[in-house]
Amino acid sequence: MNKLISKTTKAIFSFQSNIITSTLILSGMILLSRIAGFIRYRILAGFFTKEELDIYFAAFRIPDLVFEILINGALSTTFIPFFVEYQRRGKEQNSIISSVINATILCLFLLILLLIIFMPTIMRLLTPGFPEATQPQLVLYARLLLIGQLPFLVLGNFLSGISQAKKSFIIPATAPIVYNLSIIIFIFFFTDKLQLLAPIVGVIFGAIIFFIIQVPVLSFADFKFEFVISYFSEVKKFFKNAVPRILTIIVAQIDATVDLALASLMGGGAYTIFYLAQRLQLLPVSMIGMAFGQASLPYLTEIFQQGKKSEFLLMVKQSLLNIFFLTIPIGTFIIITRTPLVRLFFGGEKFDWAATNMTALTLSFFAVSIPLHAAYYLLARSFYATFDTKTPFYVTAVTILLNAALSAFFTLYLKFPVWSLALSFSITMSIRSLLLCHILLSKLNSKDFLSLFFDSLKILLSAVNATLLTYFFIRLLDGLIFDTSRTLNIFLLLLTGSIFYLLLYLFFSYIFGVKEISLLNIFVKRVNNYKKRAVELYKGVETVE
């Protein structure tokens with residue numbers, strides 16, 4: 001039994017030795033988390049109308065704003081390089097890192113207090129198109145999320161950052177899955193009594209579990225938390241590096257808030273349509289782009305600190321091409337299967353056909369930017385690894401202001417429906433990533449932009465050829481082979497179409513000489529390694545029995 005426990009613990013807390021392995025682990029766990037999340041959305045669409053879901057999703061706007069500022073601003077991109085830098089200082093490290101955590105938590109509680117007081121005014125400004133009768137409900141839910149959810153998510157993400165800095169990714173990737181399962185359970189068992197409050201309570205319980213499940217990280221991270229705020233020069237250095245990233249997040253969240261306000265003016269359910277389409281678009285972006293970004297940051301930081309500029313550049317270029325190889329076909333496949341996808345993920349009992357069609361159209365405009373959106377997370381973290389947080393801020397700020405202007409122009413002047421918000425996002429996100437890529441290559445004195453362009457073009461041509469043939473294949477199957485009035489048949493249609501598409505895409509990639517096809521060999525080897533570990537654990541169980 002001790003041997004079995006030892007092997008299991010070693011597997012969970014194992015450190016990863018390269019970026020591909022780390023990315024595969026993160027991608028797999030993010031996929032499971034996103035599946036749980038989409039099950040949650042499907043259940044929500046079955047229990048509540050799109051007008052009710054407007055209230056539910058809008059209540060998260062302010063808590064999400066604070067979360068993004070503290071986590072994606074001060075923590076995920078600044079804390080990990082900071083931890084890597086100071087982890088070699090022995091006992092001194094504990095006081096420095098603890099001071100940063102405590103200072104951040106203190107700022108969090110002060111901010112929560114202010115927001116709770118002014119929440120009624122804030123919600124009226126954010127949702128000008130919502131009925132006045134919904135405002136008390138919005139304010140209550142937002143306050144509950146600020147008090148019950150936010151502190152535990154912030155603390156849990158500090159533990160995630162420590163784990164990722166040590167190149168151990170399994171526990172921080174598992175925690176979001178448990179978080180989503182908690183929400184699903186509360187929707188199923190408490191909606192009859194609590195109505196829309198049931199998923200809110202589920203979110204709070206999920207956040208508490210999200211934190212608790214990651215506490216064991218402290219046992220292997222060689223870090224002992226202290227209740228101190230000292231080493232003020234080091235804390236000041238941390239927040240100085242974090243400020244540009246925090247400003248970037250604030251600008252991005254202003255953009256998301258503008259989307260909420262504009263969508264609220266388009267009638268009931270418009271914000272839910274926008275929100276759900278955006279969540280579906282974020283599935284491949286988070287699985288691939290965010291996973292590559294999170295996995296690459298500690299590696300890129302170490303390489304840069306060692307002065308290996310050529311290796312740094314090579315890792316960035318290879319990672320970008322790997323991202324494009326995986327996301328370009330996903331983006332094109334989503335465009336041609338947008339309606340079946342929306343029906344599969346969100347086709348709940350109370351989600352009507354008009355909402356389904358509009359969500360599908362909105363999704364297709366989001367899908368255009370999936371490759372460059374995924375690349376953005378790697379590009380931004382490449383700058384953060386060099387302790388340059390200003391460049392991503394300036395580029396992001398300019399493109400986000402452009403996005404807000406385009407969104408307002410499309411919706412208020414041209415009177416386009418909610419899909420125009422997705423179109424505006426795709427245009428500006430593509431510009432943002434291309435600018436960051438150009439600046440990064442220039443900063444590293446690289447002339448590889450043309451080679452990167454031509455390698456990406458090969459991937460695009462492979463995907464386009466596969467997409468055209470798959471489109472006609474799916475049209476043939478829909479109705480002739482599969483009766484898509486049933487959810488199971490929709491799933492079978494998408495499964496058959498995706499297999500056909502994958503085979504075609506690999507064939508054309510081989511024809512066009514896409515080098516990134518070697519990723520499949522790496523993936524197969526990693527899967528075989530994990531199978532061997534699983535067999536060893538299984539044999540250990542048999543021995544115990």
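Biologist: In which hand does α13 pass α19?

Modeller: In this predicted model, α13 passes α19 in a right-handed crossing.

Biologist: What makes α13 roughly parallel to α19?

Modeller: The axes of α13 and α19 come within 9 Å and cross at roughly 25°. Angles under 35 degrees count as roughly parallel, so α13 is roughly parallel to α19.

Biologist: Which residues of α13 and α19 meet?

Modeller: From α13 they include Leu320, Leu321, Phe324, Phe325 and Ile328. On the α19 side, Leu452, Ser456, Ile459, Ala463 and Thr467 are among them. By class, the contact of α13 with α19 has 14 nonpolar, five polar and two charged residues.

Biologist: How do you know that the length of helix α19 agrees with its number of residues?

Modeller: Helix α19 has 32 residues, 449-480, and at 1.5 Å a residue these should span 46 Å. The end C-alpha atoms of α19 are 46 Å apart, so the two values agree.

Biologist: Which residues of α19 are buried, and what covers them?

Modeller: The buried residues of α19 are Leu452, Ser456, Ile459, Ser462, Ala463, Ala466, Thr467, Thr470, Ile474 and Leu477. Their cover includes α13, α18 and α20.

Biologist: Why is Phe473 called partly exposed?

Modeller: Phe473, in helix α19, has a relative accessible area of 22%. Buried means under 20% and exposed over 50%, so Phe473 is partly exposed.

Biologist: What is Phe473 in contact with, leaving aside its neighbours within four places in sequence?

Modeller: Phe473 is in contact with Thr496, Gly497 and Phe500.

Biologist: How does the reach of α20 compare with what is expected?

Modeller: α20 has 25 residues and reaches 36 Å from its first C-alpha to its last. That is close to the 36 Å expected at 1.5 Å a residue.

Biologist: Which residues of α20 are buried, and what covers them?

Modeller: Among the buried residues of α20 are Asn489, Leu493, Gly497, Tyr501, Leu504 and Phe508. What covers the buried residues of α20 includes α13, α14 and α19. Just after α20, Gly513 takes a positive phi of about 70°.

Biologist: Why are α17 and α18 called roughly antiparallel?

Modeller: The axes of helix α17 (residues 390-413) and helix α18 (residues 419-443) come within 9 Å and cross at roughly 160°. Angles over 145 degrees count as roughly antiparallel, and α17 and α18 are therefore roughly antiparallel to each other. α17 passes α18 in a right-handed crossing.

Biologist: Which residues make the contact of α17 with α18?

Modeller: On α17 they include Val395, Thr399, Leu402, Leu406 and Phe410. On α18, Leu421, Ser424, Ile427, Ile431 and Leu435 are among them. The residues of this contact divide into 14 nonpolar, nine polar and one charged.

Biologist: Is Lys50 buried or exposed?

Modeller: Lys50, found in helix α3, has 15% relative accessibility. Buried means under 20%, so Lys50 counts as buried.

Biologist: What does Lys50 touch, not counting residues up to four places away in sequence?

Modeller: Lys50 touches Gly268, Gly269, Thr272, Asp352 and Ala355.

Note on methods. Residues numbered from 1 in each chain as written. Predicted model: local features only at pLDDT ≥ 70, side-chain atom pairs only at ≥ 80, totals over all residues. Heavy atoms only, no water. Axes fitted to C-alpha atoms, helices over the stretch in contact; angles between N-to-C directions. Helix = DSSP H or I, 4+ residues; strand = E, 2+ residues; numbered from the N terminus. Parallel < 35°, antiparallel > 145°, perpendicular 65-115°, else oblique. Left-handed = near helix turned anticlockwise from the far one by under 90°. Contact = heavy atoms within 4.5 Å. Nonpolar A, V, L, I, M, F, W, Y, C, P; charged D, E, K, R; others polar. Expected span 1.5 Å × (residues − 1). Buried < 20%, exposed > 50% of the residue type's maximum accessible area, 1.4 Å probe, protein only.
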